[in-house]
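Subject: Structure for you to look at

Hello,

I am passing on the structure we talked about.

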Amino acid sequence: MSGETATGGGSTETLDRARALFWRYRVPLGLVLVVLLLRPVISHPLLLGYEAVAATILIWMVFVAAFNLLFGYAGLLSFGHAMFLGFGMYAAAIGVSGRAGAPELPFPVAAAIGIGVAATVGYLLGRLTVEKGEIYFAFLTLAVAQAVEFTANRNPLNLTGGSNGVTQNVLPSWIESTRGQLVVVFGGLEVDWYWFVSVVFLVAMLALWQIVRSPFGRSLIAIRENGDLARAMGIDTTRYKVQAFTISAAFSALAGSVLMVDRYGASQETLSVITSGDTVLMAVLGGVRYFFGPIAGVFVWQFAEEFLNEFEVLHLGFASVDLSGVLTHWHFFLGALFVVIVVVAPLEGIWGYLRDWMRGLYGRLKGVAE
C-alpha cells in the first residue's frame, strides 16, 4: 500500500516537473513548432498548395517582432520602421554586388554594415525623438522614413538604383538559384533556403525573447504602463526607450538583409510608408501584448494575401461562383478583419483571443473530467 502511494506520488511529481519544464521553455518549443509546421501546412492542397512563401513569412515574422519590441513593449509607435528593413536590404545588396565601384563584400560583412547603420540611425533618431511625445515620435519617424525613401529614389552615387532598386549580382557566391529555388551551398553540402532562414529566425527570435523576459524588457513594460511611476522608481526612461529603438532597428535590418536574398535584391517599395503601415497592421492584428502576437499577425496577413490572390472559383456542389475579381481586393477583407479585431480586442489581437478561448476550453474540459 505504501509502495503504491510512493509510486503514485513519484508519478505526480514527475508530471509536475514535466509541466514546469514545458512552461519554462514554451516559447522556444513554440518557435520550433512554427518552423516545423509552417511549410507543410501552407503547402497543403486545401490551403496554398505551394511552399515558396514559407521562408518569406519567417523573415517578416522577425521584422514585425522587432518592430513590436518598440511598439508592444516600450509603447512607442514608429510609422517609419520600414527604413530599417531597407537599410539591411540595400546594404546587403550594394555590398554583395559591388555596385558603382564599391568593394565587393562577403554577405555577412555587408549585412553587419546594414545592421550597424540601422542601429546608429535608430540610436541618433531615438535620442532626438523618444521624449517628444507619442504622436510627435510617430510623425517624426514617418518624416525621416520619407526622407530616406526620397534619397534612395534619387540614386545617390548610383548606389541605390533609383526606382529600379538593386537587383544585379546580389546573390552571395554560396547561394545558388535553380528554377527559382534558392539553395545554400557549403562545400559539397546543399541546404534548402528555408532551413537556412529557419536558423536565422530561431536565433533572432530567441534573442528577442531573452530581451523581453530580462530586467530590461520588464522595465520597458513598466515604462509603457506608467512612465511617471517608472521614473519615480528610478528607471531612466529616456535611456531605456533609446536602447529599445536601437535594438529594434538592428533586428529589423537583420531581417532586411535576409529578405534581400529571398527577393533577389533591394527594391524601393520596401522603404515606402505602405510597408511601415502594413507592419503596424500585422502587429495589431496578431496582438501587440504577446510575444507570439506578431507571429500570428504575419501568418494571417501573408497567408491571406497569397490565398485570396490565388483563389478564383468557389465550388458549392450545386453551383460555382467566380470570385477572382472580388478577392484580388484582399486588402479590403483584411482591413475589415482589422476593424473587428480593434473593436473586439484592440490589445489582445488574434493571439490573445485564441489564448483566452483555449484557456476557457481547457477549464471546461477539466471541470467535466473532475
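The lining of the second largest pocket is made up of seven nonpolar, six polar and five charged residues. Bear in mind throughout that this is a predicted model.

Next, the largest pocket. Its volume is about 1,500 Å³. Among the 37 residues lining it, those closest to the centre are Arg26, Val27, Phe292, Trp351 and Arg355. Helices that each supply at least two lining residues are α1 (2-24), α2 (26-42), α3 (54-73), α7 (193-213), α8 (215-225), α12 (293-310) and α15. Which helix gives the most to this lining? That is α2, with nine residues. By type, the lining of the largest pocket has 27 nonpolar, two polar and eight charged residues.

On the packing: in soluble globular proteins, nonpolar side chains tend to be buried together. In this model the largest nonpolar core holds 100 residues, of which Trp193, Phe201, Met205 and Phe291 touch the most other members. The helix that gives the most to this core is α3, with 17 residues. Setting aside neighbours within four places in sequence, phenylalanine 201 is in contact with Leu31, Val34, Val35, Leu58, Met61, Val62 and Ile295.

One further residue to look at is glycine 349, which lies in helix α15 (residues 349-369). Is glycine 349 buried or exposed? Its relative accessibility is 0%, so glycine 349 counts as buried, the cut-off for buried being under 20%. Beyond its neighbours within four places in sequence, glycine 349 is in contact with Val284, Leu285, Gly286, Gly287 and Ile341. Take Leu285 from that list: leucine 285 is 64 residues away from glycine 349 along the chain, yet the C-alpha atoms of these two are separated by 5.2 Å.

If you want a place to begin, display the lining of the largest pocket, starting with the nine residues from α2, and then move to glycine 349 in α15.

Regards

Technical notes. Residues numbered from 1 in each chain as written. Predicted model: local features only at pLDDT ≥ 70, side-chain atom pairs only at ≥ 80, totals over all residues. Heavy atoms only, no water. Helix = DSSP H or I, 4+ residues; strand = E, 2+ residues; numbered from the N terminus. Buried < 20%, exposed > 50% of the residue type's maximum accessible area, 1.4 Å probe, protein only. Contact = heavy atoms within 4.5 Å. 1 Å grid on protein atoms, 1.4 Å probe; cavity = no way out; pocket = protein on both sides within 12 Å on 5 of 7 lines; lining within 4 Å. Points joined across faces, edges and corners; volume = space filled by probe spheres on them. Nonpolar A, V, L, I, M, F, W, Y, C, P; charged D, E, K, R; others polar. Core = buried A, V, L, I, M, F, W, Y, C linked by side-chain atoms within 4.5 Å.
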